[in-house]
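Please open the model in a viewer and keep a selection tool at hand. The stops below are arranged so that each selection leads on to the next.

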Amino acid sequence: MVYVHVPFCRSFCIYCDFYSCIPHKGEDVFKLYTDSLIREIESRSEELVRSHCGDSRGEGALKTLYFGGGTPSVLPSDCLRRITETLAREGLDSFEEFTLEVNPEDIVSRGESYVKEVLALGVNRVSMGVQSLDDGILRWMNRRHNASRARQAFEILRGAGIGNISVDLIFGISGLADSTLKATVEELLSWKPEHISAYQLTLAEDSLLGKMAAGGKYLELPDEDCRRQYELICTLLGEAGYRHYEVSNWAIPGREASHNSAYWQRLPYVGLGPGAHSLSLTEGGAQVRRHNLESEDSLHSGEMPLFEEEILSAEDIRVEEIMLALRTDRGMQSESLESLCDSKTIAGMLQSGLLETTGPGERIRIPESQFFVSEGIIRDLI
């Protein structure tokens, strides 16, 4: 499985602190970024093939490709073509799931022809950041689109032949009325997307919103209000038949995101581009985390980004296994969780309803009713 980070945005959302930059006018920054990415693909060929084809027995691989960001739909389709052709030359093609993150405004402004171009490159899943269908909230977020453009973008994606669409929304915003959130969710459901992600607004320290909060210009919504909004989303999506398969993700059964699900299972993956992370296994069985450094120098020079590597300790792995598995509705095998955590703590949480078993003691998971406080539960287990 391969992740490609596209570090470009036309504007910055008020809440975002992901690594991205606004492409400078008059600079061929997209070509230079693509040149850099191609160099990285060629230099990491062996690692990429292993992630795509597995070991000598063909085991341990998942054939997914995910373009995230940033805003990948800012990238010209010709650059996407060069990247996918390079991957194909290295033996990576025929992806079972190929996801492209998009902004609604890019889809509307570029039209159906752009969508058909990316379809021809192999994209078979699109993740679109809608966030809200209230124009006032969207303006406050500094989103580039309005509600009408989001609706239009979804229609263009469907009309062009995208049969697997995920939409994102945000809750937990001060000033967001429950009725407004409910109206957004109900309209999104009327579109019938295959997948919906819902994220609670967080105050990232380096984001504009984080700085506003630090200066007393924004007050976080109280936890009890955030929980009520989260449970409203859970109820509406559950009634509509969506499976709540991870804390922030719902899908029509069978349309869960394969790529993201692999992260929660801690499968090896290769992250390409500045700011991207990777997880690999050495021949000796060690697990290595690689972090490409966030550097605009590589974007303007066409050179590969520098990177750092870390061999994960047994404790690092234990914490990640618990934290990631218990975010999902599958949880962990009982024996596995009991080997990693204090048995008395597990027993107490089972008794209090913070954990539950599925089947005759086969797996242990956090029930949906406690997903909102899952971080606290996991912290106490760890």
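How many of the residues of strand S4 (residues 125–131) are buried? Select S4: seven of its seven residues are buried, and the strand is mostly covered. Here, buried means under 20% relative accessible area, exposed means over 50%, and partly exposed lies in between, with a 1.4 Å probe and protein chains only. Strand and helix labels refer to DSSP runs numbered from the N terminus, with helices being H or I of at least four residues and strands being E of at least two.

Before continuing, note that this is a predicted model, in which local features need pLDDT of at least 70, side-chain atom pairs count only at pLDDT 80 or more, and totals for chains, interfaces and linings use all residues. Residues are numbered from 1 along each chain as its sequence is written, and side-chain values use heavy atoms, with hydrogens and water left out.

Remain on S4 and display its side chains. Arg125, Ser127, Gly129 and Gln131 point one way, while Val126, Met128 and Val130 point the other way, and all are buried. Two strands are taken to pair if DSSP finds at least two bridges between them.

Now extend the selection to the whole sheet. It is open, has nine strands in the order S7-S8-S6-S5-S4-S3-S2-S1-S9, and its pairing is mixed. Strand S7 (243–246) and strand S9 (270–272) stand at the edges with a single partner strand each, so one side of each has no neighbour in the sheet. From one strand to the next, the twist averages 20°.

Next, select strand S5 (residues 165–171) and strand S6 (residues 195–200), which pair in the parallel sense over six bridges. Ser166 has His195 in S6 as its bridge partner. Contact means heavy atoms within 4.5 Å; axes are lines fitted to C-alpha atoms, for helices over the stretch in contact, and angles run from 0 to 180 degrees between N-to-C directions.

**Two helix pairs**

Two packed helices are described by the angle between their axes and the distance between the axes. Select helix H4 (residues 104–120) and helix H6 (residues 147–160): their axes come within 9 Å and cross at roughly 10°. H4 and H6 are therefore roughly parallel to each other, a term for angles under 35 degrees, with over 145 counting as roughly antiparallel, 65 to 115 as roughly perpendicular and the rest as oblique. The residues of this contact divide into ten nonpolar, four polar and four charged. Ala, Val, Leu, Ile, Met, Phe, Trp, Tyr, Cys and Pro count as nonpolar, Asp, Glu, Lys and Arg as charged, and the others, Gly among them, as polar.

Move to helix H1 (residues 29–43) and helix H3 (residues 77–89), whose axes come within 10 Å and cross at roughly 10°. That makes H1 roughly parallel to H3. On the H1 side, the contact residues include Phe30, Tyr33 and Leu37; on the H3 side, they include Cys79, Ile83 and Leu87. This contact divides into eight nonpolar, two polar and five charged residues.

**Two loops**

Select Leu92, in the loop between H3 and S3. Leu92 is buried, with a relative accessible area of 1%. Not counting residues up to four places away in sequence, Leu92 touches Val2, Leu48, Val49, His52 and Leu87. Leu92 and Met1 are 91 residues apart in sequence and 9.6 Å apart in space, C-alpha to C-alpha.

Lys217 counts as exposed, at 68% relative accessibility.

**The three-stranded sheet**

Finish with the open sheet of three strands, ordered S10-S11-S12 with antiparallel pairing. Strand S10 (277–281) and strand S12 (307–311) stand at the edges, each with a single partner strand. Five bridges join strand S11 (residues 287–292) to S12, and Val288 stands opposite Ile311 in S12.
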